[in-house]
Amino acid sequence: MSICAACGRENPPDARFCNWCGAAMAAGLVSRERRKTVTVLFCDVAGSTALGERLEPETFRRVMGRYFGVARRLIEDHGGVVEKFIGDAVMAVFGVPAAHEDDALRAVRAAAALRDEIGSLNEGLEAGFGVRLSVRIGVNTGQVVAGTDERLAAGDAVNVAARLEQAAAPGEVIIGPQTWRLVRAAVTAEPLEPLPLKGKSQLVAAYRLLEVGSALDPVARRAGGPFVGRDSELQLLREAFAGVVAQRSCGLVTVAGMAGVGKSRLAAEALRGLEARVLTGRCLPYGQGITYWPVVSMLGQLLDAKRGCAAAAALMAGDVKVAAAISVLLGERAAISSPTEIAWAVRRLFESSADAAPLVVVFDDLQWAEPALLDLVAHIGQFSRDAPILILCLARPELLGPDRSLGGGMANATTVLLQPLEQVATAALIDQLLPRDADVGSRLRAHVQSASAGNPLFVEEMLALISESGGRDHPGAAGGAAGSAPAGGAHRAGLRVGGRGVVPQRHRPHPGTRGTRRARAALGAHPEGSAAP
Ligand SMILES: Nc1ncnc2c1ncn2[C@@H]1O[C@H](COP(=O)(O)OP(=O)(O)O)[C@@H](O)[C@H]1O
Ligand SMILES: [Mg+2]
């Protein structure tokens, strides 16, 4: 048995990639060396010395106390740990004691939230004390050696984060090269002049964070390349839909598969053009009060004043019990409602909508669902009657573990285990994603084909990395370079880069970090490799 350093789960001893989260398995890394990839966040208050001189000591302490409180709350909300307070600086770490696949993005989200929330804090401070705070934040990802009690020994990654923070102007968040690589699809950032680092000959690439995309985007959150393969799965989903329509009944299909294998994309493709109302909701990996988050977003779509469903709105207006439970769920009314009442009310709304037109509800990333949400899904599946509803559940395989079953009591439930793409489909995807004029050697192509193991996300990530490095990043690169280098070129041109910026569509990697890590490992790239263009 070996343990995945990223998610901590058990895998067969010879696994090269984690069967649960897809991260590259570095055998023995956890137990022997305790080297960890973490993301470090440094935040300090610009001009706090001057502030200290202007305010009474007691007031100054209160102001700083509020800042520390906000910082700690936001860091912890995003799954980070406050490592220490150094004067007016806060140092936080994401990735210890437990690593998450998206630690870098969590850190960047926390940084953006902190930057923004200081704005609101300032209103109070200005009213109360006539002062404003501004913070400077640096975020950097790299390896550190974890101490015995999982506290960190200082390392390069920590020093770089501190350096980035010092380089930030008040109100700015600056992110380092490794962090940027991991989050670039989810953020908009602009490249800065590379920074010199004390005691280092190489400059460090740095990016000013402008905006972080919402974690709450629905299923089809990006277009990706042309769709390949999956004929039988598409057929299965369409037949399931046709079945619920023909029988005016509820059906439940679970599509399970590892990260990046194509669950969300398959759902988006299967539902395209269907004559149905489609509601989508995504479970979030962390956060507070998110148990029913996907349902809340579905209700938002269903009850939307313009594009929502008239029958559902009518039910809300006419049925006091439904309206009461739903408004508690939506946070519009502070009262207590039991999970059963909520499930019942949601089912009634879904049924009323389906009565008008077939309804498809897509619960994405259900591996992160809390039990109450799974109960709600099961309730709808088991008890809805005389209404064409297709429930489509997308999840990583762990959802199907021994104690988390879905659709157990339902006659009309199917589970599909989404396998990697077939060889031909993978080859087609590689062809489609390469720029038309790319001069890519057959060795490199074959390497991507075999290292991606049929995972389209990994194909996308590897091609993006190859393209970015001009083919240098990889042992098979001798066969030929891989065309243009969009990020580097954009950098030199001083353009905004990132998933919402100018990186060409065809190279756009996935929000989050899951594929990048594995793609880099598969390419044999050094995890600490300098991304300085
Ligand atoms: N059959 C496919 N053909 C082309 N691209 C695909 C296919 N399946 C997935 N992709 C692409 O691979 C990436 C990961 O797919 P996604 O659906 O997000 O995976 P999952 O939901 O299983 O984590 C996306 O960019 C998606 O567009
Ligand atoms: Mg998905």
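This is a predicted model: local features need pLDDT of at least 70, side-chain atom pairs count only at pLDDT 80 or more; totals for chains, interfaces and linings use all residues.
Colleague: What makes α14 oblique to α15?

Modeller: The axes of α14 (residues 423-433) and α15 (residues 442-451) come within 10 Å and cross at roughly 130°; roughly perpendicular covers 65 to 115 degrees and roughly antiparallel begins over 145, so α14 is called oblique to α15.

Colleague: Which residues of α15 make the contact with α14?

Modeller: On the α15 side they are Arg-445, Val-448 and Gln-449, and they meet Gln-423, Thr-426, Ala-427, Ile-430 and Asp-431 of α14. By class, this contact has 3 nonpolar, 3 polar and 2 charged residues.

Colleague: Why is α11 called roughly perpendicular to α12?

Modeller: The axes of α11 (residues 320-329) and α12 (residues 339-356) come within 9 Å and cross at roughly 110°, and angles of 65 to 115 degrees count as roughly perpendicular, so the word applies to this pair. Here α11 passes α12 in a left-handed crossing, and the residues of their contact divide into 9 nonpolar, no polar and 3 charged.

Colleague: How do you know that strand β8 is largely enclosed by the rest of the structure?

Modeller: Buried means under 20% relative accessible area, and 4 of the 5 residues of β8 (residues 187-191) are buried, so the strand is largely enclosed.

Colleague: How many bridges join β8 to β9?

Modeller: There are 5 bridges between β8 and β9 (residues 207-212), two strands that run antiparallel, and Ala-189 stands opposite Leu-209 in β9.

Technical notes. Residues are numbered from 1 along each chain as its sequence is written. Chains are lettered from A and ligands numbered from 1 in the order in which they are written. Side-chain values use heavy atoms; hydrogens and water are left out. Buried means under 20% relative accessible area, exposed over 50%, partly exposed in between (1.4 Å probe, protein chains only). Two strands pair if DSSP finds at least two bridges between them. Axes are lines fitted to C-alpha atoms, for helices over the stretch in contact, and angles run from 0 to 180 degrees between N-to-C directions. Angles under 35 degrees count as roughly parallel, over 145 as roughly antiparallel, 65 to 115 as roughly perpendicular and the rest as oblique. A crossing is left-handed if the near helix is turned anticlockwise from the far one by less than a right angle, and right-handed if clockwise. Ala, Val, Leu, Ile, Met, Phe, Trp, Tyr, Cys and Pro count as nonpolar, Asp, Glu, Lys and Arg as charged, and the others, Gly among them, as polar. Contact means heavy atoms within 4.5 Å.
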